[in-house]
There are 2 protein chains.
Amino acid sequence: MREGPDITRIAALIGDPARAAILQALMSGKALTAGELAIEAGVTPQTASGHLRMLSEAGLTAPRAQGRHRYYAIRDAEVAETLEALSGLAAAKGHLRTRTGPRDAELRAARVCYDHLAGARAVQIYDHLARSGYLLVDSDAMTLSVDGAAFLTDLGVDTARPPTSRRPLCRACLDWSERRSHLGGALGAAILTRFLEAGWARRAEASRHVRFTPAGTRVLDAAFTG
Amino acid sequence: MREGPDITRIAALIGDPARAAILQALMSGKALTAGELAIEAGVTPQTASGHLRMLSEAGLTAPRAQGRHRYYAIRDAEVAETLEALSGLAAAKGHLRTRTGPRDAELRAARVCYDHLAGARAVQIYDHLARSGYLLVDSDAMTLSVDGAAFLTDLGVDTARPPTSRRPLCRACLDWSERRSHLGGALGAAILTRFLEAGWARRAEASRHVRFTPAGTRVLDAAFTG
DNA sequence: CGGTTGTTTCGGCCGCACCCGAAGCGTTGG
DNA sequence: CCAACGCTTCGGGTGCGGCCGAAACAACCG
């Protein structure tokens, strides 16, 4: 029969422990060097190099040479979304991790999803925008209302979408921990950028976790509540 | 590091050719016997049995004994959605299938996605419902308006949600061929049921393809346009 | 230019897991 | 009740693919 697109290739790529570790490390949105990814995956550099070659040929990662380093990153938002979907399924079906530990709670609170925020905090932001009429959720795409643009601009978020990219401004992204939607797309990326730049949130070193500063928590509670 | 849920296990399960074939066959929403699935996957019954055991233990499929047969089905909508997401990624990244053939076009027009319609026709239905104010797309969940319930009831769709299930009535499901949302959830399932029962559409024998009858095309063009 | 570091390519080892043949259960039917 | 059928379990063969050591490339650095 063999109907529809061929799932096997991509699923098999993600299904290897070393490659999965690489992809999950890259879900932080940072571009990492081949050597760093090798450590992350617990394999030697030459093994990681082979994996990265496969991932890049399949269009999951994008290599970028810079000096004698070679940086790899998640190729695009669609790859990131699919990985999140898989995370959701794994979280739902997978046997609960033996010890969920504090790290898990941190991730559920706030983390980076490729290039925008995810987790409880991100859902809070999304909810407020939608409920205040700042984000107009249409049949398919969402649009930012005039009021919404003003609201975000006040906070210092750059709502001007770069005209070069064909990427949608707003996009609902499914959150694996909250099982709800949060804001992705160019706007989601802009909001994360603003939070980091303003010192309202800081990224953990080698993790997807995002820690909100006291100032950031204040902004969040003041502007994104109700 | 090992952050977040463990993707590897589930991705590796889907990444095997035989198991992927089994899952894709089950995406028709029908429950199939182990023997049928063995043929579908091109392996012997004992091999398929082993695969089905793994899939069921991981929570991807649900076995149901009936007489001397044993029927397997996709476990729940979440599994189906993740498989669709993978299909989307594979369609986008995967090398184009050598010959896309007429079968592919048929699938893109209308197919079954676990228990509801997908493809161009499904997107048409979803668009009309949303644009007519029948489907109120809120921040997160969608709700069916009073007008919408009346509209669908007129068409013979059962809009009364079975109280036993905790399943949401309406749910946006990402369509891999249209790259847009279509209607899933209990309501999506009810609509498909009605279309089949009224003779407006017929399912292909061993495929996900759905063929609309002339009467069904008329209904679709009359009720779901504009 | 050697030396160092980061990355890739090549070859070969090894183990996992996919696969089937044979045999063991449970169900149906004559 | 025995035969037929469908499915599963068990055991062994085998091939693919991940892994590393060694070596070749490439880029910065003294």
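The largest share of the surface near DNA strand C, 6 residues, is supplied by H4(A). Here a residue is near a molecule or strand if its C-beta atom, placed from the backbone, lies within 6 Å of it; helices (H or I, at least four residues) and strands (E, at least two) are DSSP runs, numbered from the N terminus. This is a predicted model, in which local features need pLDDT of at least 70 and side-chain atom pairs count only at pLDDT 80 or more, while totals for chains, interfaces and linings use all residues. Residues are numbered from 1 along each chain as its sequence is written, and chains are lettered from A and ligands numbered from 1 in the order in which they are written.

Around DNA strand C there are 21 residues, of which Thr33(A), Gly35(A), Gln46(A), Ser49(A) and Gly67(B) come nearest. Two or more residues of this surface come from each of H3, H4 and E3 of chain A and from each of helix H2 (17-26) and helix H4 (45-57) of chain B. By class, the surface near DNA strand C comprises 6 nonpolar, 10 polar and 5 charged residues; Ala, Val, Leu, Ile, Met, Phe, Trp, Tyr, Cys and Pro count as nonpolar, Asp, Glu, Lys and Arg as charged, and the others, Gly among them, as polar.

DNA strand D is likewise surrounded by 21 residues, and the closest are Gly67(A), Thr33(B), Gly35(B), Gln46(B) and Ser49(B). H4(B) gives the largest share of the surface near DNA strand D, with 6 residues. At least two residues each come from H2 and H4 of chain A and from helix H3 (34-41), H4 and strand E3 (69-74) of chain B. This surface divides into 6 nonpolar, 10 polar and 5 charged residues.

Within chain A, the axes of helix H3 (residues 34-41) and helix H4 (residues 45-57) come within 8 Å and cross at roughly 105°. Axes are lines fitted to C-alpha atoms, for helices over the stretch in contact, and angles run from 0 to 180 degrees between N-to-C directions. H3(A) and H4(A) are therefore roughly perpendicular to each other, a term that covers angles of 65 to 115 degrees. Ala34(A), Gly35(A), Leu37(A), Ala38(A) and Ala41(A) in H3(A) meet Pro45(A), Ala48(A), Ser49(A) and Leu52(A) in H4(A), contact requiring that the C-beta atoms of two residues, placed from the backbone, lie within 7 Å. The contact of H3(A) with H4(A) holds 7 nonpolar, 2 polar and no charged residues.

Chain A also has an open sheet of 3 strands in the order E1-E3-E2, with antiparallel pairing; strands pair if DSSP finds at least two bridges between them. Its edge strands, each pairing on one side only, are E1 (32-33) and E2 (61-66) of chain A. E2(A) and strand E3 (residues 69-74) of chain A pair in the antiparallel sense over 6 bridges, and Ala62(A) stands opposite Ala73(A) in E3(A). Helix H2 (residues 17-26) of chain A lies across E1, E2 and E3 of chain A, at about 85° to E3(A).

The contact between the chains takes 48 residues from chain A and 47 residues from chain B. On the side of chain A that touches chain B, H5(A) gives the most, with 12 residues. Chain A can be laid on chain B with an RMSD of 0.0 Å by a turn of 180° and a shift of 0.0 Å along the axis, the superposition being by least squares on the C-alpha atoms of residues with pLDDT of at least 70 in both. That is the relation of a two-fold axis. Of the interface residues of chain A, 98% are also interface residues in chain B, so the copies meet through the same surface.

Notes:
Parallel < 35°, antiparallel > 145°, perpendicular 65-115°, else oblique.
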